[in-house]
Each structure stands twice: as structure tokens, then as C-alpha cells.
Amino acid sequence: MLIRPTRRQFLASAAALPLAGLARPARAAVAQMSIGTRQIEVLGRAATVYGINGYDGQLGFYGRAGDRFQLGIQNDTDKGIVTHWHGQVMAAEGQDRSYTGGGELAPGAVDQMDFELTPGTHWMHSHQLSEQMLMAAPMICREADAEDIQEHVIMLHDFSFKTPEEILAVLGGSDMHAGGASGGMDMAGMDHSGGDMSGMAMPGTAMTDGMMVHANDVAYDAYLANDRALADPEVVQVEAGTKLRLRIINGGTATAFWIDPGLLASTAIAVDGSPCQPLAAKAYPMAQGQRLDLLVEIPPEGGAFPIFAQVEAARMRTGIVLATAGAKLARLSDMAEADSPNLDTSFDAGLRAVNALPERAGRTAHLMLGEQPGYRFTINGKVHGEDVPIAAKLGERLELMLMNTGMMMHPMHLHGHHFQVVDVGAGRFNGPRRDVVAVQPGGVVTVAVDLDKPGSWFLHCHHLYHMATGMMTEVLVS
Ligand SMILES: [Cu+2]
């Protein structure tokens, strides 16, 4: 059964709060959320996907700094769910089910949550293959010092009409990672937009600095921004001459994007929900699981401004449109004119943390990210289940040196903590606080973390199929 407060009930509880800006008690914005199925339309076809339902018909959760996530989450699906509150570093172990021994939220059952929300652009998703079917939603906690300007959330997804089990079977049947050719690559879903794919043996593969690099090992049917492909994009009404904060979440399971704000002046102000020194770029890389808070400026003359998310090393793209009243909307192609490059480290190398970790010596754990024949992805040569967890003491400073020996990028995510990126291959620097860091093929990235909560904290690749086939271990803090 779905228990959701009506809009009236929600407004009544909101009205009982003191005025914004005054001190007010922590509150829960909604009593219950539910995870169920829903229908969406993709490229003119009906698709059944999951939805994480908050209040008032919204997907996901929206709160403010100081609020508690104090509610029940009900499983209205017929499958068990491993929940994950991605980026919620004030949640103790046991507040979601993504830890060793966490088990599944059974069909029909309710988990009660109670923790203080971590400010920033975060998200919630299942920690299983169901993530592919859009079991993912924004989990936004508006910062106390957030500027009083219009905000908009963009949730990116890679979409397939196939089930994730079918996708995994295709990947598992491929030997491309064992140095084979394009065996097993399924191109069936890629011809919908009229792009010329003939002669492309293995899309997304390129030589970079003498290294063979590969991206996009899953052939998706569509790329979605807030559930919509670019043929029928979301259009957001904006005011000419104003600033807007975009909170972008890469919920893609196997896809990294370049965010291209087109003609708009833009500045990154937070990554993975943690504030950074403002940094402007022409395009912003987003690996799987990462978030980007982007300030954009709508020019005084107004108009319609697409915000594109282009798949790395490919032409496919999705996005939304920001439009002032009366602006003419041109039809947008879901293919850019040229391939984008593979992700690289230049954006992260330019980022500087606002909340840097204090200088402190730490122990270093070395993690070799590898791939083996038969679509097996490993950490130090082991798949999850055969791995040796990293044992650590509560309060310890740990540095994780991540070395990628394979030809695919690995977006590495640590649960329960926002680490600091301190080296992306060009020497030590005061890099960004993040919870997902992209490690490029042949690349070495070091992150530092203060382990401030006891528990079992997964450390894994946020490419869903790399995680599912082994690339996961844990940091055991006691
Ligand atoms: Cu990976």
C-alpha cells in the first residue's frame, strides 16, 4: 500500500513551521516514501521502470540543512531491495542496506530511517541491477548558505529496453576485455536516431597517449534527463538576466557524460555535493555516480538554452532546455556533430576543496583496478567475495592509491565518507572533496579520508556492471 501525505497535509505541516530564516527545529518533510513501478514513454514506446516516490508526486527527497531523514521507506515492488543513500555521510551504518550483512528490504516491508541529512546534491539508488531500471532519485539537502536563486535538478540516466540481466549476459559473453575484437557488442539499440554507425567496429574505443581506452560497453536505447530523451526534452521556465543553480546527478549505470552548457556562462560550485572553489570550464566531466552543481547565467535578452549531457567518446546526448517566456524552441538532435573526448583528469586537477581535510600523515592502501577475461573486474586481482577487506581503526587517516591497469575508466565510490582527492597524477594538490573519483585507464589517483564512523563501508566501481562482476571491496572501520 502506498502511504503518501496529500499536498494539503504536506502544506499544513509546512505552514506550522516558523518562517524561513528563523531558527527552527529539525523536521521530517514526509512521513513515508515508497519504491514502486511506474510507466514512462521512451522514444514513443512504453517502458515500465521503478520510481522512488516522495511527497506530492515528486520522485526522491528534498530537504534543507538541519532536517532529519526521519521516515519509513516502503518496498512496493515484488523484489528485495538493497537501499543506498549516496552521499549521506552523517548516516550511521545500518541506515541503508548497503553494507556487509545488510540484507534486502523485503517486498511489502518498511525500513525506518532517522539521521541528519548531509547538505548538498546527493541521491538515492538501489545497490543492485535494479538501478538500471531507474531505481534512483535525487536526495537533495539545500545548504544553509545556498544563494536565494532558482534551482533545478537534472537526473541523468542511460536507458535500455533490455533488462539489466540481459545486458549483463551480453557483456559476459563478450571477450573484448581479453584483448578480443568486437565480439558480443550489441549495436541493435543504437540506430534509432539515424546516425551512421556503419563501419564502427567498437564505438568508444580510442588510442590516447599510446593507451587503448574503451568506454560505453553497453549499447543503450536512449539517454534520459529527468526521464526524457532530447527529442522531447524537459523545458524549464527561467527569467532573463538571472542566475540559476543546476544540481546535476549522473545516475547513468555505465555512462559518463560531458555537461555542455552551450552559450551560457557557467561555474561549478560543488562536486558530489561538497562545495569547491568556483571553477569555470567549457564542458564538465561527470563519471557515473558523480554530481555537479553548476551556476548558469541567463542573458538579459533571454532565449532558449539547451543544457546538453553528451556521452563520453560518442555523439549521443541528452539534456534539458532552459527557456525564457515566449522563446522559440528549436528541435534538438540527440546526436552531437562530433564525438566527445574520453573523460580526463583536467577538470579535477583544477578543482580546489572549500572544506579541505587538515594536513595529517596517513597510511596508504594500494588498490590495483584490473580486468580479467570473461568480463571480470577486480581489485588487487580479486572479485568481491574473494577480496580481503581493508581493516582500519576508527579515526584513522587513510589514503587510497587507486591504480587502473585496464582500458576502461573506473569511477570509484566509497560509502559513508567524502574523501579528498589529493593526487590525479600530476603531484599532490588540495583537490576536491568527493565521494566518487574517476580513475582513467593507466591512471593513478590518490584520495585521503578520515574514517570517522565505525562499520563496513563499501568501496566499489560505480559502473554497475563492473561492480556486479566483482569490482567491490570494503573498508572495515572498528
Ligand atoms: Cu569500473
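This is a predicted model: local features need pLDDT of at least 70, side-chain atom pairs count only at pLDDT 80 or more; totals for chains, interfaces and linings use all residues.
- Helices (H or I, at least four residues) and strands (E, at least two) are DSSP runs, numbered from the N terminus.
- Two strands pair if DSSP finds at least two bridges between them.
- An open sheet of five strands has the order β13-β21-β20-β15-β18, and its pairing is mixed.
- At the edges stand β13 (235-237) and β18 (284-286), each with a single partner strand, so one side of each has no neighbour in the sheet.
- From one strand to the next, the twist averages 25 degrees; axes here are lines fitted to C-alpha atoms, for helices over the stretch in contact, and angles run from 0 to 180 degrees between N-to-C directions.
- Strand β15 (residues 257-260) pairs with β18 in the antiparallel sense, over three bridges.

**The six-stranded sheet**

- Six strands make another open sheet, in the order β12-β9-β14-β19-β16-β17, with mixed pairing.
- The edge strands are β12 (222-225) and β17 (274-279); each has a single partner strand, so one side of each is left without a neighbour in the sheet.
- On average, neighbouring strands of this sheet are turned by 25 degrees against each other, direction ignored.
- Six bridges pair strand β16 (residues 265-271) with strand β19 (residues 291-297) in the antiparallel sense.
- To find this pair in the structure, look for Thr267, which stands opposite Leu295 in β19.

- Strand β7 (residues 120-126) is mostly covered, with seven of its seven residues buried; buried means under 20% relative accessible area, exposed over 50%, and partly exposed in between (1.4 Å probe, protein chains only).
- Gly120, His122, Met124 and Ser126 are buried on one side of β7, and Thr121, Trp123 and His125 are buried on the other.
- β5 and β7 run antiparallel and are joined by four bridges, and Thr83 has Ser126 in β7 as its bridge partner.
- β7 is also joined to strand β8 (residues 136-142) by six bridges, again antiparallel, and here Trp123 stands opposite Pro138 in β8.

**The largest cavity**

- On a 1 Å grid over the protein atoms alone, a cavity is a set of points where a 1.4 Å probe fits but cannot get out, and a pocket is an open set with protein on both sides within 12 Å along at least five of seven lines; lining residues have an atom within 4 Å of a point.
- Grid points are joined across faces, edges and corners, and a volume is the space filled by probe spheres set on the points.
- The count comes to eight cavities of 30 Å³ or more, and the largest cavity holds about 160 Å³ of space.
- Its lining has 22 residues, and the closest to its centre are His84, Ala91, Asp96, Gly416 and Trp457.
- Two or more lining residues come from each of β5 (83-86), β26 (410-414) and β31 (455-461), and β5 gives the most, with three residues.
- Domain 1 (7-146) and domain 3 (363-477) both give residues to this lining, so the largest cavity lies between them; domain bounds come from an automatic or database domain assignment.

**The largest pocket**

- About 450 Å³ of space lies in the largest pocket.
- Of the 21 residues that line the largest pocket, Glu143, Asp145, Gly273, Ser274 and Pro275 lie nearest its centre.
- β16 and β17 each supply at least two lining residues, and the largest share, three residues, comes from β17.
- The largest pocket lies between domain 1 (7-146) and domain 2 (147-343), because both give residues to its lining.

**A loop residue to look up**

- Ser333 sits in the loop between β21 (317-323) and α3 (346-350), and at 37% relative accessibility Ser333 counts as partly exposed.
- The C-alpha atoms of Ser333 and Leu230 are separated by 6.9 Å, with the two residues 103 apart along the chain.

Key: Residues are numbered from 1 along each chain as its sequence is written. Side-chain values use heavy atoms; hydrogens and water are left out.
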